Amino acid sequence: MLRYVIHRMLIMIPTLLVISALVFTIIELPPGDYLESYVAELQSMGETVDEQQIAFLREQYGFGAPAIERYFQWLTGMLQGDFGYSFEYRLPVSEVVGDRLFLTVLVSIATILFTWLIAFPIGIYSATHQYSWGDYGLTFIGLLGLATPNFLLALILLYFANVVWGTSIGGLMDPQYLDQPWSVNKALSVLEHLWIPVVVIGTSGTAGMIRSLRANLLDELQKQYVVTAKAKGLPRNRALIKYPLRSSLNFFVADIGNLLPRVISGAELVAVVMSLPTTGPILISALQSQDMYLAGSFLMFLATLTVIGVLISDLLLAWLDPRIRLSGGSSA
Amino acid sequence: MSGTDKIRQAGNDRLEHFVSDEPFDRNPLGAPLTPEQEKFYLASQWKLMWWKFTRHRLAVISGLFLLLTYLAILIAEFLAPYELHSRHPDFIYVPPQQVRMIHDGSFIGPFVYGTHYRLNMENLQRIYTEDTSQIYRIRFFCRSDPYKFWGAMESDLHLFCVEDGGTLFLLGTDRLGRDVLSRIIYGARISLSIGLIGTMLSFSLALVIGGIAGYFGGIVDLLIQRLIEILQSFPQIPLWMALAAVLPVTWSPLLIYFGITVILAMFDWTGLARAVRSKLLSLREEEYCLAAQLMGAKPQRIIGRHLLPGFMSHLVASATLSVPAIILGETALSFLGLGLRAPVTSWGVLLNEAQNISVVALYPWLILPVVPVILVILAFNFLGDGIRDAADPYA
């Protein structure tokens, strides 16, 4: 097990390196450099330009140096906790990010739990009642969730939540709790607001999950041992829960790898519509104003988050299913 | 000695590829077959696939629906009652008008009532009411709003329009008084073509990259596998957003259109490439491949004649299932204002108008462009399901 864990951790390093190279390429794509447009913008607004600050930033981020050199500077900076400087906020990136990243993680985890809670019973029902009306109906609803653009669903749910329950629009908590220390009431308010993004982001993942759980369980249910168990008079539920369900559980954990990038993608989109205080809105505005260090760091954070999530799911899986850890070392 | 001679000489070592001229005897044992059996056993692979496909009712209906929509985008100008950009300054945010048949108990065919406009002076809300004293008949194959067919041929023939003096806003109008229905019909052209072109791009990328991985194997395969894993572990939408934001503002709308298509395709090929690779690897080991090799067939012939038909149907199914992702991606990007820009009109650009909650509350018809999005995505999913089930007719 330990060997597998170490092996799996080591694989993360080249993965993150490639991702960082990709992100850096994206940061570099727009023509001109940030300081030029930054200075131009300041001058156009009639503000004075702090030559010293500009010179300092130019020095700090090595503008004018070849791209490769800047890439390594950016990389080593990140390793030391310096994620660059946001020109829009005039703050170090790490301060802008703050607990937005935490809220992104919160929303993502809640979404995954929601997806499981919904997909699990429906998947089992669909597999045990194959080709019934219930199976068709639930599959269709799942597909509908997949086909509806997240952002629009968010908008509509938000409207109805406001009309029916009087939930305040936008954000993850009622306005009076903003900038307040965490308290029970604040947490409750967050819960009250959290369900909409969670439901909205969850719908798209749920359909895929239901379908694969159904397919998996159907395969398992047709195997000899289930037939034998039934023939020997095992009650229906026991014949379902004891082994077939267990083995399709593995796949649930394994699917985090597929689910997580989708959840984070969805979270970003929905966050913009609902103006959630997560990373989404800032990422968009950073991209629109070409505040590329901020955007790049966000992309890097999100990717790292995903990679770590996948790592956790792999480790869980290896713990659940010894076959994987035996074969994993050589093939992965 | 030229290059081709060298190859020819090297090729002399191998056997001449043998192809029998005799017609293929499909029933060598000569056992008598019933007509139905004969029909079934002698059917070609494609025929079997077609039969199996038609058994999936939903897939057939979806296929027909998609065929019709794609045909419709060819003649969008003719189908839409108004031109894409024609504004009606006196009719801003008009709710959908209802088509009626009967007026005052007498049947007069399809018509709409006139609209009466009043400004609520308290909250400055525009209020439109039906004016039942005015009747405007709906006509078919009539001349009204002039347009340029595909930007080239001038015409003013429409499938249906309303009598002079009346308005026909079946799905209401937007903030500039433009007909939402017409804009949805025009938007289909962009949204659907992006789905198709994007998928074609990602399909070719997948064929080449997956093919290289599957054909060469070894270290190349390993590297490509890792690259695919990395790309798949990256949250797609933020990546799309970042790349879309990088497109220069100075580009023409057409260039932006292609840029967005390329961006969408660039991260969509991974799943398909995996399918190509694994299919190539598994089919390579089949006996008929070995047989072809022993009979002296060259790699091109083995790949083109024996391998490709074997997995093309699977690939088409996967490609069909990946169209929705591209259409949704475009919609999301345009909705956020990072994708296509006016005057290019796609469903996402239309939904961009419905970005805040007051629209849902006051002008709910502006979110109607989502209906075709949902329908098309569902249809592609069902169609893909049907093709996937039919892909292996011998199973």
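Predicted model: local features only at pLDDT ≥ 70, side-chain atom pairs only at ≥ 80, totals over all residues.
Let's begin with chain A and its overall make-up. Chain A has 15 helices and two strands. It runs to 332 residues, and 37% of them count as buried. If you take the contacts in chain A between residues at least 6 apart in sequence, 73% of those join residues at least 24 apart.

Two helix pairs in chain A are worth a look. Start with helix H6 (residues 100–128) and helix H12 (residues 256–274) of chain A, whose axes come within 10 Å and cross at roughly 125°. On the H6(A) side, the contact uses A:Thr104, A:Val107, A:Ser108, A:Thr111, A:Ile112 and A:Thr115. Facing them from H12(A) are A:Ile256, A:Leu259, A:Val263, A:Ile264 and A:Ala267. Sort the residues of this contact by class and you get seven nonpolar, four polar and no charged ones.

The other pair is helix H10 (residues 224–231) and helix H11 (residues 236–254) of chain A, which pack at an angle of about 155° with their axes 10 Å apart. Angles over 145° count as roughly antiparallel, and that is why H10(A) is described as roughly antiparallel to H11(A). Here, too, you'll find a right-handed crossing. H10(A) brings A:Tyr225, A:Val226, A:Ala229 and A:Lys230 to the contact, while H11(A) brings A:Ala239, A:Tyr243 and A:Pro244. By class, that gives six nonpolar residues, no polar ones and one charged.

Now for the place where the chains meet. There, 31 residues of chain B are in contact with 35 residues of chain A. Which helices of chain B each supply at least two residues to its side of the meeting? They are helix H7 (218–233), helix H8 (236–246), helix H12 (299–336), helix H14 (357–362) and helix H15 (370–390). H8(B) gives the most, with nine residues. As for the kinds of residue on the side of chain B that touches chain A, 27 are nonpolar, four are polar and none is charged.

Moving on to chain B as a whole, its domain assignment gives domain 1 (97–168) and domain 2 (183–390). The centres of these two domains, taken over C-alpha atoms, are separated by 40 Å.

B:Phe169 sits in the loop between strand S4 (153–162) and helix H6 (180–216) of chain B. Is B:Phe169 buried or exposed? It has 26 C-beta neighbours inside 10 Å, so it counts as buried. Leaving aside residues up to four places away in sequence, B:Phe169 touches B:Phe91, B:Val94, B:Pro96, B:Gln97 and B:Asp179. B:Pro81 is 88 residues from B:Phe169 along the chain, with 8.7 Å between their C-alpha atoms.

B:Asp104, with phi near 55°, is found in the loop between strand S1 (100–103) and strand S2 (106–120) of chain B. B:Asp104 counts as exposed because it has 7 C-beta neighbours inside 10 Å. B:Phe141 has a positive phi of about 50°, and its place is in strand S3 (residues 125–149) of chain B. With 10 other C-beta atoms within 10 Å, B:Phe141 is exposed.

Note on methods: Residues numbered from 1 in each chain as written. Chains lettered and ligands numbered in written order. Contact = placed C-beta atoms within 7 Å. Helix = DSSP H or I, 4+ residues; strand = E, 2+ residues; numbered from the N terminus. Nonpolar A, V, L, I, M, F, W, Y, C, P; charged D, E, K, R; others polar. Domains from an automatic or database assignment. Axes fitted to C-alpha atoms, helices over the stretch in contact; angles between N-to-C directions. Buried ≥ 20, exposed ≤ 12 C-beta atoms within 10 Å, placed from the backbone. Parallel < 35°, antiparallel > 145°, perpendicular 65-115°, else oblique. Left-handed = near helix turned anticlockwise from the far one by under 90°.
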